[in-house]
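Please read the numbered points with the sequence and the model in view.

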Amino acid sequence: MSDLYREIPQVAKLLEDASLKSFLSRFYISEIKEVIDETLADLRTKIKNNELKEIKYEEVVRLIVEKLNKKQIYSLRKVINGTGTIIHTNLGRSLLSEAAIKHVIEVCANYNNLEYNLVKGERGSRYEHVEGMMARLVGSEACLVVNNNAAAVLLSVSAFAKNKEVVVSRGELVEIGGSFRIPEIIETSGAILREVGTTNRTHLSDYEKATNDNTAIYLKVHPSNYQIIGFTNNVTNDEIVSLAKKMNKERVKPIITIEDLGSGCLIDLSSSGYKENLVSESIKSGIDLVTFSGDKLLGGPQAGIIVGKKNLIDQLKKHPLLRAFRVDKMTIAALEGTIRDYFDEEKAKRTIPTLKMIYLSESELRERALMLYERIKCIEGISSEVISVYSTIGGGSLPHSQLASYGVVIKISNYPAHEIERVLRNQEVPIIGRIVNDKFLLDVRTLLDSDIDIIINTLDRIGRSLWKTS
Ligand SMILES: *Cc1c(COP(=O)(O)O)cnc(C)c1O
């Protein structure tokens with residue numbers, strides 16, 4: 001056995017080392033010990049592979065200090081979104097409004113009436129807190145909130161179509177975000193998928209012909225992230241609703257109409273240049289149940305919202321799966337804090353970050369881009385330019401739904417774009433941008449005001465380190 005093993009410093013001795021002890025202000029001792037163990041394990045491997053000639057105590061300490069300096073306290077942490085995708089699923093989708101954050105803190109730092117009816121002084125329901133407000137906002141009889149829209153669809157289909165048929169157009173059998181696939185959700189619910197029509201054209205008569213005694217649901221799905229163009233035909237909500245009405249005249253158990261709206265927009269956004277179906281329009285068309293996400297266009301926390309007929313939602317409230325999909329107080333508080341602002345639409349466009357980003361004006365964006373550009377220009381070793389780009393809304397909105405914006409290109413020395421991307425991604429506050437035509441850029445639409453100083457300080461540090469090494 002190599003003598004080198006005996007020269008590996010003792011963990012106890014390292015823990016007493018002043019330069020490692022100084023990290024106790026940031027890390028728990030067990031976290032420091034983990035880094036020490038990891039470093040010493042590396043040493044043992046190197047000795048085993050004959051890659052080490054000697055072990056210097058100072059060198060070991062230096063390695064540990066280096067690792068601790070890079071170590072972040074949390075795994076889940078803040079990043080800067082310069083991708084221009086407003087609802088970016090990889091980057092946490094919608095940012096919460098200040099009102100929502102304040103409400104979450106207030107509710108979660110204290111005991112609260114989550115399931116306590118303060119009027120009666122007895123057990124209450126967690127589902128009551130947002131139900132009335134949401135129902136009023138979209139004009140529905142009732143509302144139920146679950147963990148996400150996938151759960152909302154799964155619960156609705158499980159409750160009303162177990163061992164029965166769900167009719168869906170072939171043009172709407174979509175996959176969203178890699179793991180949400182309509183055929184699989186229907187199969188998981190224990191229902192039978194009854195595909196109708198073709199990819200590009202589905203007619204009302206297709207639904208009618210597919211209907212039999214075992215039909216339970218007509219399901220409409222918002223195709224969200226893709227679009228069929230050209231020779232197409234889609235059955236409207238009005239048509240589906242009237243077909244269900246006609247069929248239900250002679251049925252004991254009525255066929256239920258459900259629409260998975262995906263993004264779920266509460267206010268008309270067309271003045272921003274972007275048009276999305278409104279939840280209230282679907283309700284008005286007479287669809288029995290409409291489901292949508294809380295953290296897409298709504299701009300709130302991850303949640304699945306089911307709105308529609310009271311008798312159906314009452315049945316969902318009794319379904320055993322609901323217990324598995326139930327939302328936490330944090331979600332309810334964040335949702336309540338978000339949607340309250342929708343009572344004043346103009347206010348919502350300023351206070352809810354997702355809507356605010358959609359509504360940023362060309363002049364605001366240009367001003368921000370030029371300001372960032374001017375500040376980067378002053379950093380030695382780094383240069384910049386401003387170019388026109390398109391931001392995307394994301395979160396299952398149509399890919400063509402693009403908003404004109406500005407990108408600030410960042411050039412560091414002679415680094416290729418992918419190298420700049422990697423360097424900025426690995427900073428203490430990771431800066432995530434986008435590469436367009438071999439240029440790394442930050443789309444200013446998704447930057448927050450507080451991000452600007454961080455970007456400048458980071459680039460300044462990178463610029464200075466280039467200076468030192470060259
Ligand atoms: C995004 C989306 C879903 C999934 O919603 P989650 O809230 O992410 O579970 C389901 N259906 C459609 C049409 C969507 O756009």
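This is a predicted model: local features need pLDDT of at least 70, side-chain atom pairs count only at pLDDT 80 or more; totals for chains, interfaces and linings use all residues.

1. Gly394 touches Thr85 and Ile87, when residues up to four places away in sequence are not counted; contact here means heavy atoms within 4.5 Å. Gly394 belongs to strand β14, residues 382–394. With a relative accessible area of 15%, Gly394 is buried (buried is under 20% relative accessible area, exposed over 50%, partly exposed in between, with a 1.4 Å probe and protein chains only). Between Gly394 and Ser224 there are 170 residues in sequence and 9.5 Å in space, C-alpha to C-alpha.

2. Residues are numbered from 1 along each chain as its sequence is written, and side-chain values use heavy atoms, with hydrogens and water left out.

3. As to the whole protein, its secondary structure comes to 20 helices and 18 strands; these are DSSP runs (helices H or I, at least four residues; strands E, at least two), numbered from the N terminus. The C-alpha trace spans about 90 × 50 × 50 Å along its principal axes. Of the 470 residues, 49% count as buried. Among contacts with a separation of 6 or more, 74% are accounted for by residues 24 or more positions apart.

4. Which residues are around the ligand? They are Arg93, Asn148, Asn149, Ala150, Ile176, Phe180, His222, Ser224, Asp260, Gly262, Ser293 and Lys296, each with a heavy atom within 4 Å of the ligand. Polar contacts (pairs of N or O atoms within 3.5 Å) include the following. A polar backbone atom of Asn149 is 3.0 Å from an oxygen atom of the ligand, and a backbone N or O atom of Ala150 lies 2.9 Å from a ligand oxygen atom. From the side chain of Lys296, an N or O atom is 2.8 Å from an oxygen atom of the ligand. The protein buries 94% of the 380 Å² that the ligand exposes when taken alone, areas being those of the Shrake-Rupley method with a 1.4 Å probe. Two or more residues of the shell come from each of α8 (149–161) and β11 (256–262).

5. Helix α18 (residues 362–377) has 16 residues and reaches 22 Å from its first C-alpha to its last, close to the expected 22 Å; the expected span is 1.5 Å times one less than the number of residues. Leu365, Arg368, Ala369, Leu372 and Ile376 are buried in α18. These residues lie on the same side of α18 because they cover an arc of only 95 degrees around the axis, taken from the directions from the helix axis to the C-beta atoms.

6. Ser285 is in the loop between α12 (279–284) and β12 (289–293). Is this residue, Ser285, buried or exposed? Ser285 is buried, its relative accessible area being 14%. Leaving aside neighbours within four places in sequence, Ser285 is in contact with Asn237, Asp238 and Val241.

7. Most residues other than glycine have a negative phi. Asn50, although not a glycine, has a positive phi of about 55 degrees; Asn50 lies in the loop between α4 (29–48) and α5 (57–70) and counts as exposed at 70% relative accessibility. Asn163 is likewise not a glycine and has a positive phi of about 60 degrees. Asn163 is placed in the loop between α8 and β6 (165–169), and is exposed, with a relative accessible area of 55%.

Key
A polar contact is a pair of N or O atoms within 3.5 Å; within protein, one must be able to donate a hydrogen and the other to accept it, and residues adjacent in sequence count only if both atoms are side-chain atoms.
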